[in-house]
Amino acid sequence: METRNLTCIGCPLGCAVQVDIENGTILNVTGNTCKRGDDYARKEVTHPTRIVTSTVRVTGGDPAMVSVKTEHDIPKEKIMDIMHCINEIQVQAPVRAGDILLADAAGTGVNIVATKDVWQMDVR
C-alpha cells in the first residue's frame, strides 16, 4: 500500500490530507475537514489539474501587459503547452476583464481570459 501526503488547496484551511492507494485504487482519504478536501485528494492522485496564470503583451495598452488565466482547470501535463500558447499571443488595447484572448488553448477546450482591464494608451 502507498500513502500520499498532500496539502489540500480546496479551501483556505490547507488541511494535511493522506490518501491510501493500493494497485491504483484509492482505499481511504483522511485528514480533510470538509468534502472539498476529499474531492481534491481523489482528483490530485488520479488526474491532477491546475489553473494557469500568466501575462500577455498588450499593444497600445497602459500598462503594456494584462494578467490572464485559464478559464477552467487543465490537466497538469498540459501546463507547458498552455504557457507556450500564452507566450505567443499579443493583443490590442483596450482589453476588458473576462475577454477571451485565446480560445481552445493547446487543444484543451479551455480559453485564456483577461483578469483585469487595460486601457488604450492616451496619445496626444
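Which residue in β3 stands opposite Ile-21? Ile-26 does.

The model is predicted: local features need pLDDT of at least 70, side-chain atom pairs count only at pLDDT 80 or more, and totals for chains, interfaces and linings use all residues. Residues are numbered from 1 along each chain as its sequence is written, and side-chain values use heavy atoms, leaving out hydrogens and water.

**View 1. An open sheet of three strands in the order β1-β2-β3.** The pairing is antiparallel. β1 and β3 are the edge strands, each pairing on one side only. From one strand to the next, the twist averages 25 degrees. Strands are DSSP runs (E, at least two residues), numbered from the N terminus. Pairing requires at least two DSSP bridges between two strands. Axes are lines fitted to C-alpha atoms, and angles run from 0 to 180 degrees between N-to-C directions.

**View 2. Strand β1 against strand β2.** β1 spans residues 2-7 and β2 residues 16-22. The two run antiparallel, joined by six bridges. Thr-3 stands opposite Asp-20 in β2.

**View 3. Strand β2 against strand β3.** β3 covers residues 25-30. Five bridges pair β3 with β2 in the antiparallel sense. Gln-18 faces Thr-30 of β3 across the pair. Ile-21 stands opposite Ile-26.

**View 4. The turn of the β2-β3 hairpin.** Two residues lie between the strands. Asn-23, in the turn, has a positive phi of about 55 degrees.

Note on methods: Helices (H or I, at least four residues) and strands (E, at least two) are DSSP runs, numbered from the N terminus.
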